[in-house]
Amino acid sequence: MATVTLTEGRKTSALRRGARGSRRPRLVVLTFIGPALLGLIVFLGYPLVAAVYFSFTRFTLINPPEWVGLANWRYLFQDPLVGIAARNTLWLTAAMVPARIVGALLTAMLLNAMKRSRSAYRTLFYLPALAPPVTATIAFVLLLKPQTGPLDTMLRWLGIDGPRWFNDPAWAKPALVLLSLWAVGDLMIIFVAALLDVPVDLYEAASLDGANAWQKFRYVTLPTIRPVLVFATITGIIGCAQYFTQAAVAASVASNQVTGGGGVSGTFGYPQNSMLTYPMWLYTEGFRYNLFGYANVLALLLFAVSMSITVILIRRFKAFTRGES
Amino acid sequence: MRRTRILAGLAALLAVTAACTPAPEPKPIATPGVEPSGEIELWHFFTDREAKAIDGIIADFQAKYPKVKVTVKGGQDDSKVVQAIGAGTGPDVAISYSTDIVGKFCATGGWVDLTPYVQRDGVDLKVMPEVVRSYTEFRGKRCAMPFLADAYGFYFNKKMLADAGIANPPKTLDELTEAAKKLTVRKPDGTIERAGFLPLFGFYENSPSHLGPMVGAQWLKPDGTSAIGGDPQWQALLKWQKDLVDWYGYDKLEKFRASLGDEWSADNAFQKGQIAMAVDGEWRLAFLKDQAPNVEYGVSPLPTADASRYGSGYISGNVIGVSRTAKNPEAAWALVKYLTLDQGAQVKLSNGIRNVPTLTSALTAPDLQVDDNFKVFLSIFAHAQSGTTPPSAVGPAYQETFGTFVDAWQSGQKKDLPAGLSEVDKQINDVIKLAG
């Protein structure tokens with residue numbers, strides 16, 4: 001029994017020495033990542049755990065949360081508008097992310113191909129991205145205003161009866177995609193830099209091999225800028241999942257009630273909930289209807305979906321890079 | 001071991017989360033006759049001209065109560081007030097633009113129940129009309145007081161009516177339909193150049209809540225559940241509205257509406273003569289004076305389905321309350337009392353902001369500036385059958401759920417009215433149940 005104890009004691013002390021030895025580098029690593037880790041715990045970990053807890057409570061922001069079990073989660077299946085809001089957000093994501101990437105990439109390629117005045121055009125195309133979203137949206141809605149807007153007036157000169165754009169449930173979301181394309185400058189600048197980074201000798205080698213323009217784009221440009229494309233896709237999806245300001249302002253302006261006494265959220269979704277996005281509905285349930293417990297359910301679902309898509313995309317990206325190496 | 005640590009960590013976080021949320025702290029009220037003193041903070045939503053009117057009345061209050069210092073913060077939003085109270089800070093007194101906030105603040109105790117103060121000071125609340133008293137209390141708690149009111153009436157362009165041979169503004173829904181058709185001008189291609197009356201819900205002030213009093217429709221039952229599906233008046237209103245929409249053509253109306261200017265700008269369609277008749281609040285008088293002084297217009301009560309209801313309308317207004325987190329509730333109540341129950345203050349505020357005073361005595365005060373048009377709103381306000389939207393714990397959720405349905409109804413997407421309204425009832429009752 002004593003031998004056993006001694007052997008165990010030796011093992012323990014050896015383990016302790018080993019642990020002490022490996023603790024030092026760990027401590028150094030922890031010291032470096034400590035501030036970031038702290039930030040993650042305070043600003044991500046804590047709110048996330050709190051959101052899970054609040055989702056099982058009746059919470060008003062004013063009183064302590066009251067435990068209601070699964071009531072908020074059950075209401076998810078009774079909520080008449082959550083499905084519409086989720087579908088709108090999915091629609092916008094499916095249309096806006098590819099449209100912005102293709103638009104930005106094409107613009108960047110055109111700019112890089114230009115011989116003269118490249119900087120001037122680059123500035124010109126980038127400018128809309130600098131406009132504050134609220135101002136830009138108001139301007140865009142007025143630009144597309146039926147009957148009196150400049151675009152509609154020009155269309156009528158050509159004998160075309162333009163659509164009602166932001167006033168038509170069928171056209172409101174496409175109009176938002178157009179708005180996002182107009183302000184594509186932020187992404188365009190990243191693509192301009194990525195395209196300039198493609199080694200010229202690769203294009204020369206491809207030319208010697210007899211590759212045409214499409215083949216050069218497909219087999220040289222695209223693989224080289226793939227990390228930027230993945231970045232643009234992930235940030236685009238996350239941005240669309242949080243899409244709020246432009247849809248809210250567009251609905252307010254198009255419904256002829258820019259500054260109503262009831263606040264901008266009174267016109268959310270106009271026309272016929274076609275511009276009601278998931279985050280807008282989440283906001284409405286929380287801040288307008290005072291159902292913060294249920295709003296936390298919606299927030300958690302949004303987080304889960306965004307996180308899943310991001311993880312899948314990053315994994316696929318890793319698989320690509322491994323294949324390349 | 002690791003799993004245990006993670007679980008322990010999560011448990012600690014949950015404990016912190018639960019502990020971090022503020023708990024209500026009831027404050028005892030002072031004995032009768034105590035003189036209010038100290039500093040208080042007032043948050044309101046007014047800006048520009050209206051904010052100046054508030055500053056003026058606060059100066060009067062401070063002259064009357066020299067021991068109270070009031071800090072005023074304008075341009076505030078309801079959600080900011082909620083968040084501030086939830087965080088244990090915020091104003092002593094807050095003014096909200098919407099009666100929809102009353103249910104929320106009463107149910108949660110965000111604004112304190114003023115009944116002890118009212119009883120201690122012997123205030124008779126019957127100095128205000130019943131409708132005003134009803135939208136400032138919830139489930140027996142008087143957590144708000146009315147801070148001026150809005151009354152909704154019917155604006156008409158006198159010249160257009162005269163040109164169309166209409167001697168008087170419509171008094172019934174049938175007369176409104178007839179006048180709307182007479183006053184509408186179409187282009188050769190059938191599109192609308194001028195609408196006699198634009199009947200779309202969602203256009204400017206055409207909400208179900210504002211038009212509901214035309215038929216005397218009810219929103220909620222006494223037990224707080226939805227009354228919409230069981231009230232035939234809603235069906236009557238919606239059928240009348242849909243008939244008129246169909247006469248114009250829904251698409252044509254939407255196209256016309258899309259071309260109109262913003263409600264609150266000088267491009268307002270009534271002010272520009274693009275529509276001949278409109279439902280609007282008393283504040284439009286000030287807008288017309290400022291932005292369209294040449295328009296010859298008149299004001300009347302809303303046309304009604306039943307002649308006995310004529311003269312009534314929709315009443316709403318701003319509300320004021322004392323925060324649970326008030327540092328100086330006694331001085332806060334003194335301010336609320338002064339702003340809502342002092343006739344002189346009410347008249348001055350009404351003259352400054354051009355809203356309807358909520359004290360019955362102030363309606364006939366000699367120094368209240370009234371013209372013939374404003375008098376119409378005063379009479380609508382005082383009418384026994386004027387209605388409002390009742391407070392609810394879910395704020396405007398019940399109105400907006402109904403709004404979603406009427407959007408689908410007027411566009412023709414929903415055709416079965418009774419079934420649709422029953423579904424609305426269910427949706428409203430579900431959300432009210434969730435709020436508790």
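## A tour of chains A and B

Select B:C106 and B:C143 to begin: B:C106 is buried, and B:C143 is buried too. Keep in mind throughout that this is a predicted model.

**Stop 1: the disulfide in chain B**

A disulfide joins B:C106 to B:C143, with an S to S distance of 1.9 Å. The pair links distant parts of the chain. B:C106 sits in helix α4 (residues 100-108) of chain B. B:C143 sits in the loop between α6 (130-134) and β4 (145-157) of chain B. The two cysteines are 37 residues apart. Now look down the S-S bond. Which hand does the link of B:C106 and B:C143 have? The link is left-handed, with -100 degrees about the S-S bond. A disulfide is a covalent bond between the sulfur atoms of two cysteines. How many disulfides does a search of the whole structure find? The search, over all chains, finds 1 disulfide.

For another cysteine, jump to A:C240. A:C240 has a relative accessible area of 5%, so this residue is buried.

**Stop 2: a threonine in chain B**

Select B:T389. The residue lies in the loop between α16 (372-382) and α17 of chain B. Is B:T389 buried or exposed? Its relative accessibility is 2%, under the 20% limit, so B:T389 counts as buried. Draw the distance to B:Y314 next. A polar contact of 2.7 Å joins the side chains of B:T389 and B:Y314. Then show the surroundings. Leaving aside neighbours within four places in sequence, B:T389 is in contact with B:T99, B:Y135, B:S209, B:W219, B:Y314, B:Y398 and B:Q399.

**Stop 3: a leucine on a helix of chain B**

Select B:L341, in helix α13 (residues 329-341) of chain B. What does B:L341 contact once neighbours within four places in sequence are left aside? The list is B:V123, B:V127, B:M145, B:V336 and B:L359. B:L341 and B:S265 are 76 residues apart in sequence. In space, their C-alpha atoms are 33 Å apart.

**Stop 4: where chain B meets chain A**

Show both chains and colour the contacting residues. On chain B, 56 residues are in contact with 47 residues of chain A. The two chains bury about 4,300 Å² between them. Of that area, 56% is on carbon and sulfur atoms.

How many salt bridges are counted between chain B and chain A? The count is 3. Zoom in on one of the pairs: B:E400 forms a salt bridge with A:R288. Their closest N and O atoms are 2.4 Å apart.

Now highlight the elements of chain B that give two or more residues to the side touching chain A. They are α1 (2-20), α3 (78-86), α4, α11 (250-259), α17 (397-411) and α18 (417-435). By class, that side of chain B has 26 nonpolar, 17 polar and 13 charged residues.

**Stop 5: chain A as a whole**

Chain A has 14 helices and 2 strands. Of its 325 residues, 40% are buried. Take the contacts in chain A between residues at least 6 apart in sequence: 67% of them join residues at least 24 apart.

For a buried residue on a helix, select A:T107. A:T107 is in helix α3 (residues 82-113) of chain A. With 15% relative accessibility, A:T107 counts as buried. Leaving aside neighbours within four places in sequence, A:T107 is in contact with A:F125 and A:M188.

**Stop 6: backbone checks in chain A**

Most residues other than glycine have a negative phi, and most peptide bonds are trans.

- Select A:Y270 and A:P271. The peptide bond from A:Y270 to A:P271 is cis, with omega near -5 degrees. A:P271 is in the loop between α12 (245-254) and α13 (278-288) of chain A.
- Select A:N273, in the loop between α12 and α13 of chain A. Phi of A:N273 is positive, near 60 degrees. A:N273 is buried, with a relative accessible area of 11%.
- Select A:N290, in the loop between α13 and α14 (292-324) of chain A. Phi of A:N290 is positive, near 70 degrees. A:N290 has a relative accessible area of 6% and is buried.

Definitions and conventions: Residues are numbered from 1 along each chain as its sequence is written. Chains are lettered from A and ligands numbered from 1 in the order in which they are written. This is a predicted model: local features need pLDDT of at least 70, side-chain atom pairs count only at pLDDT 80 or more; totals for chains, interfaces and linings use all residues. Side-chain values use heavy atoms; hydrogens and water are left out. A disulfide is a pair of cysteine sulfur atoms within 2.5 Å. Helices (H or I, at least four residues) and strands (E, at least two) are DSSP runs, numbered from the N terminus. Buried means under 20% relative accessible area, exposed over 50%, partly exposed in between (1.4 Å probe, protein chains only). Contact means heavy atoms within 4.5 Å. Buried area is the accessible area (1.4 Å probe) that two parts lose on being put together, summed over both. A salt bridge is a side-chain nitrogen of Lys or Arg within 4 Å of a carboxyl oxygen of Asp or Glu. Ala, Val, Leu, Ile, Met, Phe, Trp, Tyr, Cys and Pro count as nonpolar, Asp, Glu, Lys and Arg as charged, and the others, Gly among them, as polar. A polar contact is a pair of N or O atoms within 3.5 Å; within protein, one must be able to donate a hydrogen and the other to accept it, and residues adjacent in sequence count only if both atoms are side-chain atoms.
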